[in-house]
Amino acid sequence: MNTLKAGDKAPLFTLKNQNDENISLQDCLKKGRVLVYFYPKAMTPGCTVQACGLRDSKAELDEFNVTVLGISTDPVARLGKFIDKHELNFTLLSDEDHAVADAFGVWGEKKFMGKVYDGLHRLSFLIDQDGTICHRFDKFKTKDHHQVVLDYLKG
């Protein structure tokens with residue numbers, strides 16, 4: 001797993017959102033910075049806590065002109081259910097073939113309860129308008145993710 005880091009150019013991508021619409025990173029960057037956060041699976045406890053923290057921080061993230069894009073390998077239909085169930089106020093994207101996760105270097109070997117398998121690692125990238133990654137968030141707990149991002153933005 002060769003994970004991207006600050007200073008790297010973010011791979012441009014277009015994925016389907018919860019409404020089965022194409023969303024491109026390039027279009028989102030025209031509006032400001034983008035927080036691309038990868039999460040393993042919608043509707044699981046850790047992913048729900050992380051998503052709700054970002055939901056509740058949307059006004060503050062908006063002040064910093066940051067668009068949030070959550071990416072998982074979940075199918076589009078599951079993303080819609082996740083948004084509806086938890087009233088999420090940002091875009092979720094489906095990367096079912098994990099091509100975007102591969103490009104960012106967040107797809108790889110994981111271990112859980114003695115089993116080894118390939119899966120999505122929980123990492124986030126703050127991307128500047130020019131497409132350069134300005135920060136990689138890789139040390140956080142799901143319940144604190146939003147605060148770690150805000151603390152970085154507040155500098």
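**Entry 1: the model**

I am working from a predicted model. I kept that in mind for each entry below.

**Entry 2: the sheet**

I started with the strand order. I found an open sheet of 7 strands, running β2-β1-β5-β4-β3-β8-β9. The pairing is mixed. Next I looked for the edges. They are β2 (22-24) and β9 (133-137), and each of these pairs on one side only. I also looked up the twist. From one strand to the next it averages 35°.

**Entry 3: β5 and its neighbours**

I then went to β5, residues 91-94. What does β5 pair with in the antiparallel sense? Its partner is β1, residues 14-17, and the two share 2 bridges. Across this pairing, Asn 17 stands opposite Leu 93 of β5.

With β4, residues 66-72, the sense is parallel, over 4 bridges. Here I noted Ser 72, whose bridge partner in β5 is Ser 94.

I checked the side chains of β5 too. Which way do they point? Thr 91 and Leu 93 point one way, while Leu 92 and Ser 94 point the other way. All four are buried.

**Entry 4: the largest pocket**

I turned to open space next. The largest pocket holds about 230 Å³. How many residues line it? I get 13. Nearest the centre are Pro 40, Lys 110, Phe 112, Tyr 117 and Leu 120.

I asked which strands contribute. β6 (107-112) and β7 (115-120) each give at least two residues to the lining. By class, I count 6 nonpolar, 5 charged and 2 polar residues around this pocket.

**Entry 5: the cysteines**

Last, I looked for disulfides. The structure has 0. A disulfide needs the two sulfur atoms within 2.5 Å.

Cys 52 is in no disulfide either. The nearest cysteine sulfur belongs to Cys 47 and is 11 Å away.

The cut-off for buried is under 20%.

Terms used:
Residues are numbered from 1 along each chain as its sequence is written. This is a predicted model: local features need pLDDT of at least 70, side-chain atom pairs count only at pLDDT 80 or more; totals for chains, interfaces and linings use all residues. Side-chain values use heavy atoms; hydrogens and water are left out. On a 1 Å grid over the protein atoms alone, a cavity is a set of points where a 1.4 Å probe fits but cannot get out, and a pocket is an open set with protein on both sides within 12 Å along at least five of seven lines; lining residues have an atom within 4 Å of a point. Grid points are joined across faces, edges and corners, and a volume is the space filled by probe spheres set on the points. Ala, Val, Leu, Ile, Met, Phe, Trp, Tyr, Cys and Pro count as nonpolar, Asp, Glu, Lys and Arg as charged, and the others, Gly among them, as polar. Two strands pair if DSSP finds at least two bridges between them. Axes are lines fitted to C-alpha atoms, for helices over the stretch in contact, and angles run from 0 to 180 degrees between N-to-C directions. Buried means under 20% relative accessible area, exposed over 50%, partly exposed in between (1.4 Å probe, protein chains only).
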